[in-house]
Amino acid sequence: MSLKNAFCSAVGALFSIAHLAAAQVAIRPGEIWLDNQGQHIQAHGAGILKAGETFYWFGENRGRSLDPNQGHISCYASTNLADWTFRGNVLELSAPTNFGPQLVLERPKVFYNTPTKKYVMYFHMDDARYQMARVGVAVSDTVDGHYQFLKSLRPLGCQSRDIGQFVDDDGSAYLIFEDRPKGFHIAKLSEDYLTVEKDTCLFPEHLESGALVHYDGRYYVVGSHLSGWAANPNVYATAKSLAGPWSKFKDIAPPDKKTYGSQVTILWKITGEKTTAVIFMGDIWKPNTQWDSRYLWMPLEIHGEQMSLPAPAPWTLDIQTGAARFLELQPRPAPK
Ligand code: GAL
């Protein structure tokens, strides 16, 4: 091939990549993310559930207020993880039949229980000073229907603040929870998912907002240090078995970047026809204007025991193939 032809086909290939990327809706970490009604998505501290071909995103709907009684748990739906349709508020914080006033409800996580055909939601339930340290459990017959409050509990008799969710490839469901005196639990749910049955692993490290993924024969757990709304360097560890032994915790990104201003909430694996992407889903909290808090969703780089969160940049996900691609082509060295 002549130099000119090679140049033309390279430009053509670049153009078609850019064209393909433009056809898919980009995920833009840190920017305002609009739903189908043109509103900034209100689903902070996210949990994700896939039902059929649809993804459901549950989160804290913080509205335009800092009053906890004005908050709700929202639900959004998508088939590509980029375009989200608001499906409604599925749980109200202040409804008298629920919790009563002044309670905090955070980080909702919904699991679908096949034997009972119920959608089971766990959430962090607390008082305004975060001393109650319990989980709430609510159930619904439909994924985006009204969730009825069932009970609150201290899992395994322990304090529980930030929670995370994980469903393993064999369908077992786990609640991850932060227990101030003891550490960080990965705990198996009962068969009907209505209670927390036993610890699979208890880390002595004090980490919160725990997230887990099983990828290519290894488990990866990610957590944040305890610094309230302020971002800190999130860390990860790996193991071949959920019960361990686990590697030492390492930074997921350069520590001075403080996880690019975010805090992990869930890791989500997309197994496509060609490849598998693991997505870091995190929150960029704005404590004084919580409704304006943003999301940082990025494909993770994973090589064996190493996992890293790249610097935020717009990207697209091909849900069919599993390919994640950055929108802006990285600058290339000039040809010699
Ligand atoms: C963070 C936690 C948030 C929220 C906040 C309140 O540590 O991850 O979900 O509870 O504290 O200060």
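Strands are taken here as DSSP runs of E of at least two residues, and helices as H or I runs of at least four residues, both numbered from the N terminus; two strands are said to pair if DSSP finds at least two bridges between them. The structure is a predicted model, in which local features need pLDDT of at least 70 and side-chain atom pairs count only at pLDDT 80 or more, whereas totals for chains, interfaces and linings use all residues. Residues are numbered from 1 along each chain as its sequence is written, and side-chain values use heavy atoms, with hydrogens and water left out.

On these terms, four strands in the order β9-β10-β11-β12 form an open sheet with antiparallel pairing. Its edges are formed by β9 (163-167) and β12 (196-203), each of which pairs on one side only. From one strand to the next the twist averages 25°, where axes are lines fitted to C-alpha atoms (for helices over the stretch in contact) and angles run from 0 to 180 degrees between N-to-C directions. Within this sheet, β10 (residues 173-179) is joined to β11 (residues 183-189) by six bridges in the antiparallel sense, and Ile-176 has Ile-186 of β11 as its bridge partner.

An open sheet of four strands is also found in the order β1-β2-β3-β4, again with antiparallel pairing. Here β1 (44-51) and β4 (85-92) are the edge strands, each pairing on one side only, and the twist from one strand to the next averages 25°. Six bridges connect β3 (residues 72-78) with β4 in the antiparallel sense, and Ile-73 stands opposite Leu-91, a residue of β4.
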